Amino acid sequence: ISTPVPSGLRSHHAFTALWKLLYDGSRADIRAAGRLLGQMHAVQSDVLLRFQWPDNTPESVQEDVEGLEQLRENGKLEALVAGLLISWEQAFNTDVYAPLQATDVPWVDASMDFKANNLVYGPDGLPTLVDPDNGEYVPRILDLVLAALLFHLDLPAPGRLFTLEEWREFLAGYSEHVTLTETERTLWPLALRYILQEWGVWHLISDEEGWKNAVQGGFLRDLAGVNLETYML
């Protein structure tokens, strides 16, 4: 079966032997990355498995809270984790989770893993996404929020999140191909909080090896203390 693949979404093995230019953190690389994500989201396709909203039971929420508390007790996060713990206590399931599930927004085939270490840049400075094994058919804003918060998750990216200027550069590239709907823009703050507490917290409490690495540990600390206002539209 031959399925059309969005431009820029290719097999890892077909390209890594030929392309060795990694993300360098420059404004050009950041804008090009945002532009590629926009191009992918502009493709009207529905061939991947449909995203399933996780079942947020009281028990699963409590596990995350306990994991964050343990990090604080071990001295990794100090006071940074306090904001995340407070947000768990402020009716996450009803205030954030329920509206995101109930509202009609555009869905797209997406990588759900769009980050710097999964991009290789050609001689022309244009990136290609490799290793798209986590691809799903998802609400578009979830994939964009994942990129906003986790683009620098793994090496060789710098040990921090996007700065405000970098996020604006990425969003400018993305916006060349996609215009978010008014509904998406309204839901954006909820989507930021959702991704932080579903994906972000998972990385914070699960990445034991990352905490041992100075650069990766820096990213995790930055993530724990993130000011979501930085990543507003």
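Begin by selecting strands β1, β3 and β4, which form, in the order β1-β3-β4, an open sheet of three strands with antiparallel pairing; helices (H or I, at least four residues) and strands (E, at least two) are DSSP runs numbered from the N terminus, and two strands pair if DSSP finds at least two bridges between them. At the edges lie β1 (21–22) and β4 (127–129), each of which pairs on one side only. Strand β3 (residues 119–121) is joined to β4 by three bridges, and L119 has L129 in β4 as its bridge partner.

Before going further, note that this is a predicted model, in which local features need pLDDT of at least 70 and side-chain atom pairs count only at pLDDT 80 or more, while totals for chains, interfaces and linings use all residues. Residues are numbered from 1 along each chain as its sequence is written, and side-chain values use heavy atoms, with hydrogens and water left out.

Colour the chain by pLDDT, the predictor's confidence in each residue from 0 to 100: the chain averages 85, and 85% of the residues score at least 70. Over residues 1–19 pLDDT stays under 50, although the model has 25 contacts for them beyond four places in sequence. Where pLDDT is low, the predicted coordinates should not be read in detail.

Next, select strand β2 (residues 107–110), from which W107 and D109 point one way and V108 and A110 the other, all of them buried, that is, under 20% relative accessible area, with exposed being over 50% and partly exposed in between (1.4 Å probe, protein chains only). Four bridges join β2 to strand β5 (residues 136–139), and the two run antiparallel; the bridge partner of W107 in β5 is P139.

Stay in β5 and pick E136, which at 22% relative accessibility counts as partly exposed. E136 lies 27 residues from D109 in sequence but 5.7 Å from D109 in space, C-alpha to C-alpha. Leaving aside neighbours within four places in sequence, the contacts of E136 include R50, F51, V108, D109 and M112.

M112 can be selected next, in the loop between β2 and β3: this residue has a positive phi of about 55° although it is not a glycine, and at 7% relative accessibility M112 counts as buried.

Move to helix α5 (residues 92–102), where F92, V96, Y97 and L100 are buried. Viewed down the axis of α5, its buried residues fall within an arc of 80° and so line one face of the helix, the arc being that of the directions from the helix axis to the C-beta atoms. On the face turned away from this buried side, look for the exposed residues T94 and A102.

Finish at the largest nonpolar core, which has 65 residues, with F114, L144, L149, F151, W167, F170 and Y194 having the most contacts inside it; such a core is a set of buried Ala, Val, Leu, Ile, Met, Phe, Trp, Tyr and Cys residues joined through side-chain atoms within 4.5 Å. Centre the view on W167, which, not counting residues up to four places away in sequence, touches residues including L144, F162, W188 and Y231.

Key. Contact means heavy atoms within 4.5 Å.
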